[in-house]
2 protein chains.
Amino acid sequence: MVKVKVFVTLKESVLDPQGKAVSNALQSLGYEEVADVRIGKYMELTIEPSGRDIETVVRDACEKLLSNPVIEDYRYEIEEAVTQ
Amino acid sequence: MVKVKVFVTLKESVLDPQGKAVSNALQSLGYEEVADVRIGKYMELTIEPSGRDIETVVRDACEKLLSNPVIEDYRYEIEEAVTQ
């Protein structure tokens, strides 16, 4: 098995109201140091290697389902084989 | 400014219906290799250093607002100073 970490974040140009709300909440809790918060998705995929190239599978999955290419960017890290 | 990456994930013992749904969807799209998906939150905090220790601020923020300690775990990475 192979573990893949996927990070999906809003593009820089896209407003992040959720992040803004969290940032305001943190400041009202007394954490004035927090200047900005951007929120995204973090996914851990467990993949059972088949004949196909894992990088291709992950990129495809990100572009077709895990992220919205119009407003989001994605990146991934393929980890060592996970012994099950 | 300091950039901090925060990862909030469900505890291992907690069921992840959202992850299950994504996993099933990926398999129906033809990605049988995908055995499991766990979904969490990824946050990027921009912090303006004040007198307080950044690690303490981040840990406090995670425990009080950014994660639900009952069902979620969190970890964070404090990055180099970001020049604005």
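B:Phe7 is buried, with a relative accessible area of 3%, where buried means under 20% relative accessible area, exposed over 50% and partly exposed in between (1.4 Å probe, protein chains only). The model is predicted, and local features need pLDDT of at least 70, side-chain atom pairs count only at pLDDT 80 or more, and totals for chains, interfaces and linings use all residues. Residues are numbered from 1 along each chain as its sequence is written, chains are lettered from A and ligands numbered from 1 in the order in which they are written, and side-chain values use heavy atoms, with hydrogens and water left out.

**Surroundings of B:Phe7**

- B:Phe7 belongs to strand S1 (residues 2-10) of chain B; helices (H or I, at least four residues) and strands (E, at least two) are DSSP runs, numbered from the N terminus.
- Beyond its neighbours within four places in sequence, B:Phe7 is in contact with A:Phe7, A:Tyr42, B:Lys41, B:Tyr42, B:Asp73, B:Tyr74, B:Arg75 and B:Glu77, contact meaning heavy atoms within 4.5 Å.
- B:Phe7 and B:Asp73 are 66 residues apart along the chain, and their C-alpha atoms are separated by 8.3 Å.
- Two of the contacts of B:Phe7 are B:Arg75 and B:Glu77, whose side chains meet in a salt bridge (3.4 Å, N to O); a salt bridge is a side-chain nitrogen of Lys or Arg within 4 Å of a carboxyl oxygen of Asp or Glu.
- B:Arg75 is partly exposed at 33% relative accessibility, and B:Glu77 is partly exposed at 35%.

**The interface of chain A and chain B**

- The contact draws 36 residues from chain A and 36 residues from chain B.
- About 3,000 Å² is buried between the two chains, and carbon and sulfur atoms give 62% of this area; buried area is the accessible area (1.4 Å probe) that two parts lose on being put together, summed over both.
- On the chain A side, A:Tyr31, A:Glu33 and A:Tyr42 lose the most area to chain B, together 24% of what that side buries.
- There are 20 residue pairs in polar contact across the interface (both at pLDDT 80 or more); a polar contact is a pair of N or O atoms within 3.5 Å, where within protein one must be able to donate a hydrogen and the other to accept it, and residues adjacent in sequence count only if both atoms are side-chain atoms.
- S2(A) supplies 14 residues, the largest share of the side of chain A that touches chain B.
- S2(A) pairs with strand S2 (residues 34-47) of chain B in the antiparallel sense over 13 bridges; two strands pair if DSSP finds at least two bridges between them.
- Within this pairing, A:Thr46 has B:Asp36 in S2(B) as its bridge partner.

- A:Glu33 lies in the loop between H1 and S2 of chain A and is buried at 5% relative accessibility.
- The side chains of A:Glu33 and B:Ser50 are joined by a polar contact of 2.7 Å.
- Chain A and chain B share 2 salt bridges; one of them joins A:Arg52 to B:Glu33, with the closest N and O atoms 2.8 Å apart.

**Salt bridges within chain A**

- The whole structure holds 14 salt bridges over all chains.
- A:Glu44 and A:Lys3 form a salt bridge, their closest N and O atoms being 4.0 Å apart.
- A:Glu44 lies in strand S2 of chain A and A:Lys3 in strand S1 of chain A, so the pair ties together parts that are 41 residues apart in sequence.
- A:Glu44 is buried at 17% relative accessible area, whereas A:Lys3 is partly exposed at 26%.
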